[in-house]
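Here is a protein model to read through in short questions and answers. Each answer sets a value against the rule behind the word.

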Amino acid sequence: MRRNLTCHVVVLLLCGAPLFAQARAKAQNVPEIPYESVPNFLKMPANLYLGEAIGVATNSKGHVFVYTRSANTRLFEFDQGGTFVREIGEGNYGFEFAHAVRVDPQDNIWVVDEGTNMVIKFNPEGRVVMVLGRRPEAVAGVLATQGGPAPPAEKYLLGRPTDVAWDLQGNIFVSDGYVNHRVVKYSKDGRFIRQVGSERAGAEPSQFNTPHGIAVDAQGNVYVSDRANNRMQVFDNNLVLRAIYDNIGVSWTVCISPGPHQYLFSSNSNPNGNAPGTWDNTGEIYKMELDGTILGRFGHAGKQLGGFQVVHAIDCRNPNEIIVAEIESWRVQKLMLKPQAVGASAGR
């Protein structure tokens with residue numbers, strides 16, 4: 001994979017430039033991709049409501065899975081038209097504070113729960129078939145949040161993990177996340193293979209400060225949203241660094257479309273709380289080639305339909321029908337993109 005010509009991260013690091021929690025994206029003259037938001041996409045049953053929409057994913061049938069947190073963490077399934085189908089895992093011991101849901105090529109449903117430090121695999125019927133990590137005892141869980149020195153990262157214990165992905169061989173990649181700052185590779189059977197990063201945050205290449213999203217392309221390359229470092233890092237299948245894309249804002253989450261021509265999507269999400277000034281330089285989603293070339297952008301910070309308030313997750317199974325989950329608007333939107341021909345030099 002060749003390095004994107006717009007990457008500036010090496011210069012920044014060598015010069016010791018500060019990295020800000022929310023920075024303006026550097027890409028200039030990026031074409032806008034027209035889009036529409038489908039009104040009333042999800043049809044909730046009476047007396048059932050979404051809280052914070054934390055995760056969203058689709059399966060091969062087009063069914064939509066939404067991981068949401070409010071008084072309780074819950075996992076809902078809707079059909080391709082947005083009609084409610086069922087709840088999965090009600091009362092599950094691993095459900096405490098939702099963070100991500102993904103669906104693998106076999107239609108297994110995976111959830112990442114940062115409250116229990118667990119990654120849980122459900123089969124398509126909704127039965128638990130694998131667990132990575134372990135829910136801490138109540139006292140240990142409290143101590144882990146008190147700001148003391150981080151314990152060494154362990155092979156099979158996670159620290160507020162954020163996302164999960166797989167390669168074509170079934171190897172599992174977990175971004176681990178808020179307590180640890182690393183990416184861990186496991187075999188398809190859950191055996192530890194290797195990791196990159198550590199229990200401590202860092203800004204050097206191959207270090208992370210809140211790895212918040214993860215995706216794997218058809219060649220097995222691993223794309224990590226390095227949120228607090230305002231960049232995306234790209235690794236090969238052995239977690240060796242290949243590229244850094246630092247021109248797309250905060251890179252809150254990442255999605256790679258399937259198919260013979262894969263596209264990369266990343267959200268420059270407006271931050272929690274929508275602080276003054278952030279609406280002017282955040283909110284958009286970038287559509288890119290895998291090599292980091294920006295093809296276009298769509299969306300903006302806003303409360304109305306079509307605007308975004310903290311896009312926490314993106315589903316891009318169909319790269320022209322994007323589904324986003326938002327924290328602060330408590331909603332899931334389906335976006336119909338209307339891509340137009342753009343110059344090959346867009347975003348360079």
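**Rings, strands and buried residues**

Y67 and F95 are both buried. The model is a predicted one.

Q: What makes the pair of Y67 and F95 edge-to-face?
A: The ring centres of Y67 and F95 are 5.4 Å apart. Rings pair when their centres lie within 6.5 Å. The planes of the two rings stand at 65°. Planes over 60 degrees apart count as edge-to-face. So the pair of Y67 and F95 is edge-to-face.

Q: Which parts does the pair of Y67 and F95 tie together?
A: Y67 sits in strand β3 (residues 64–69), and F95 in the loop between β5 (84–88) and β6. The pair therefore links parts that are 28 residues apart in sequence.

Q: Why is the pair of F76 and F84 called edge-to-face?
A: The ring centres of F76 and F84 are 5.8 Å apart, and the planes stand at 65°. The limits are centres within 6.5 Å and planes over 60 degrees apart. The pair of F76 and F84 is therefore edge-to-face.

Q: Is F76 buried or exposed?
A: F76 has a relative accessible area of 0%. Buried means under 20%. So F76 is buried.

Q: Why is F84 called partly exposed?
A: The relative accessible area of F84 is 24%. Buried ends under 20%, and exposed begins over 50%. F84 falls in between, so F84 is partly exposed.

Q: How many aromatic pairs are there?
A: The count comes to eleven aromatic pairs. Ring pairs also link Y35, F265, F298 and F308 into a cluster.

Q: How do you know that R69 lies over the face of F97?
A: R69 is 3.7 Å from the ring centre of F97. The distance limit is within 6 Å, and the charge must also be within 35 degrees of the ring normal. R69 counts as lying over the face of F97. R160 lies over the face of Y178 in turn, at 4.4 Å from the ring centre.

Q: Why does N237 count as buried?
A: N237 has a relative accessibility of 19%. The limit is under 20%. So N237 counts as buried. N237 lies in the loop between β16 (231–235) and β17 (241–245).

Q: How do you know that a polar contact joins the side chains of N237 and D167?
A: The contact of N237 and D167 is 3.1 Å. A polar contact needs N or O atoms within 3.5 Å. The side chains of N237 and D167 are joined by such a contact. A polar atom of the N237 side chain also lies 2.9 Å from the backbone oxygen of G220.

Q: Which residues is N237 in contact with, leaving aside its neighbours within four places in sequence?
A: N237 is in contact with D167, N171, F173, K185 and G220.

Q: What makes K334 buried?
A: K334 has a relative accessible area of 16%. Buried means under 20%. So K334 is buried. K334 is found in strand β24 (residues 331–337).

Q: Why is β24 called mostly covered?
A: Six of the seven residues of β24 are buried, so β24 is mostly covered under the limit of under 20% relative accessible area.

Q: How do you know that β1 and β24 pair?
A: Three bridges join strand β1 (residues 35–37) to β24. Pairing needs at least two bridges. β1 and β24 run antiparallel. S37 stands opposite L335 in β24.

Q: How many bridges join β23 and β24?
A: Strand β23 (residues 321–326) pairs with β24 over six bridges, in the antiparallel sense. E321 stands opposite M336 in β24. The hairpin of β23 and β24 has four residues between the strands, and W330 takes a positive phi near 50° there.

Q: In what order do the strands of the open sheet of four stand?
A: The order is β6-β7-β8-β9, with antiparallel pairing.

Q: Why do β6 and β9 stand at the edges?
A: β6 (98–103) and β9 (128–133) each have a single partner strand, so one side of each is left without a neighbour in the sheet. Neighbouring strands of this sheet are turned by 15° against each other on average, direction ignored.

Q: How do you know that β6 and β7 pair?
A: β6 and strand β7 (residues 109–113) pair over five bridges, in the antiparallel sense. The rule asks for at least two. A98 stands opposite D113 in β7.

Methods. Residues are numbered from 1 along each chain as its sequence is written. This is a predicted model: local features need pLDDT of at least 70, side-chain atom pairs count only at pLDDT 80 or more; totals for chains, interfaces and linings use all residues. Side-chain values use heavy atoms; hydrogens and water are left out. Helices (H or I, at least four residues) and strands (E, at least two) are DSSP runs, numbered from the N terminus. Buried means under 20% relative accessible area, exposed over 50%, partly exposed in between (1.4 Å probe, protein chains only). A polar contact is a pair of N or O atoms within 3.5 Å; within protein, one must be able to donate a hydrogen and the other to accept it, and residues adjacent in sequence count only if both atoms are side-chain atoms. Contact means heavy atoms within 4.5 Å. Axes are lines fitted to C-alpha atoms, for helices over the stretch in contact, and angles run from 0 to 180 degrees between N-to-C directions. Rings of Phe, Tyr and Trp (its six-membered ring) pair if their centres lie within 6.5 Å; planes under 30 degrees apart count as stacked, over 60 as edge-to-face and the rest as tilted.
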